[in-house]
Amino acid sequence: MTTTEELTLHTEPFVLNFGPVHPSTHGVFRMRCTLDGEVVLDIEPVFGYLHRGVEKLAEERTYTGFIPLTDRLDYISPMSNNLGYCLAVEKLAGIKVPERAEYIRVIMAELQRLANHCIAVGSMLNDAGAYYTPFMYAFREREKIIDLFDMVSGQRLTYNYMRIGGVSQDIPAEFLPALKKIISRLKKWVEEYEVLLKQNEILLARAKGVGILAKEIAVNCGISGPVARASGVKRDVRKDDPYSIYDRFQFDIPTGEAGDCYDRYRVRIEEMRQSLRILEQAVPQIPGGAVKADVPHLIRPPAGDAYAHIESPKGELGYYLVSDNSIAPYRCHVRPTSLINLTALREMVKGWKVADLILIFGSIDITMGEVDR
Amino acid sequence: MFKFERFGLGIFKGMTVTIRHLFRHPTVSQYPEQRLNISRRTRGNELIWSRERCTGCATCAKACPQGAIEIVTAANTAENKYNVTKYRVDTGYCIQCGLCVEACPYDALFMGFSFERAKYRRADLVQEDDALAESPERPASGYFHPDIAAKLPEQTLLVDKITEKRKKQ
Ligand code: SF4
Ligand code: SF4
């Protein structure tokens, strides 16, 4: 006798390896997904494909010699990485940065936030299936910001611009006029981008309520940056532990409520507006003077340790350095944003479909270089 | 589930943005024919070294995080100076960070300004002595040398909307 149970079609969970070189994994990242049909039951992130042992490399290099390698951690926003590392060394050695250099640093860090969020929203929408239009528009604006970085540092990807005690060179004369043009251009662009997508039904249907990250989980996992703020965690290192000269500027911290993909997208767009606001305040205030404190090439910070953290575009980025009074760090540890933000991925994707998994993953905005170090 | 209230309106608005782009200036350039001016501080993929100015102090070699610079000097006691017998850069290891150029106290080292310097063999990446000299094919960039930067052509910015075709040199 056949029972009803034998007559129904069974589905069996199966394991699918997603990545490491899948175009949707934003780098060499592998997810071991347990699927039931198209429904994601569980995922296990497997990383380490890009591991270069950067922390160990730091221990073999001089303090200045490590700055070019910090570029290569989060290669989407190298300026922020430069800044975080230089702040840690300055804290360790007790170096005071000239006023002009502080302003240049803030301008660079905020431009970098804009450039990073261009990629973040562009590629997230690409993952949502919007393909090339928003992606191309976002990249076009990013290229314009990169023009500025190119102008000051001479490189389009690995800037190596910040130095211990300031920045490597002063900004050229044509920089500020170009920056003003870009600020006004970006303001218009953000509005246009909003028209393009804010009420787009497909985006709303794909992103609203998808991949919800509860506030408690976000806090417990140590999530930071736009991902945490979208879940309603009002935390921003620029306000909570002001570094550099951020306490001189007026800006708001945008937060979301639902903690879904749409909120993460919205928070990033809002943050771009706030960054533009900071830039507008910083440009007229730039004082003259030196751009670098008198720091020798081979510095020997006194024995001790220091931790400095910044609000990088992706979240809290920290550098912990231990010095034994030699020319190289005794120990260097990076608190990477992407790695820690990734820890909540499992909670976010459970129960969603594979197509949503890609969008949720894209909405976290990670760089594999930073995850694996 | 998400409810479609004004179905199509959002997409229509988005379309107007896309259509407006049809009438805008292109921000791309047809690369080999149409060239943009690169930054005056470009760190091209070669180093330019001046034998005349170099004193053999090896500060550049110490500053290099990659250990890409090898310098051998012989002491010239008669004239009380060093003679550089070998100056070799392995550009395959070089990460174009520019720290050596910043460190050189005698302005003897420059980053390259040209960027199309691909090689067929790895061995060609190791450059030595006079192969590192400045020449019309190997101009020096203004990275850390403001006097050279002032002479180089101004950078073309995408924000200035490049439309007219640049004259072929
Ligand atoms: S550019 Fe950097 S990596 Fe290259 S030789 Fe100079 S210091 Fe070394
Ligand atoms: S630092 Fe300058 S002067 Fe000294 S060895 Fe290097 S290139 Fe020559």
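Select chain B and read along its sequence: the pattern is α-β-α-β-β-α-β-β-α. That comes to four helices and five strands. Helices (H or I, at least four residues) and strands (E, at least two) are DSSP runs, numbered from the N terminus.

This is a predicted model, where local features need pLDDT of at least 70, side-chain atom pairs count only at pLDDT 80 or more, and totals for chains, interfaces and linings use all residues. Residues are numbered from 1 along each chain as its sequence is written, and chains are lettered from A in the order in which they are written.

Now colour by pLDDT, the predictor's confidence in each residue, from 0 to 100. The mean for chain B is 81, and 91% of its residues reach 70 or more. Next, select residues 162-169 of chain B: here the pLDDT is below 50. Beyond near neighbours in sequence, this stretch has 12 contacts in the model (contact: heavy atoms within 4.5 Å).

Select helix α3 (residues 99-103) of chain B, which has the highest mean pLDDT among the elements of the chain, 89. Then jump to helix α1 (residues 9-20) of chain B, with the lowest, 80. For the model, ipTM is 0.82 and pTM 0.87.

Zoom out to the C-alpha trace of chain B. Along its principal axes it spans about 90 × 45 × 30 Å.

Last, show contacts in chain B between residues at least 6 apart in sequence: 73% join residues at least 24 apart.

Terms used. Heavy atoms only, no water.
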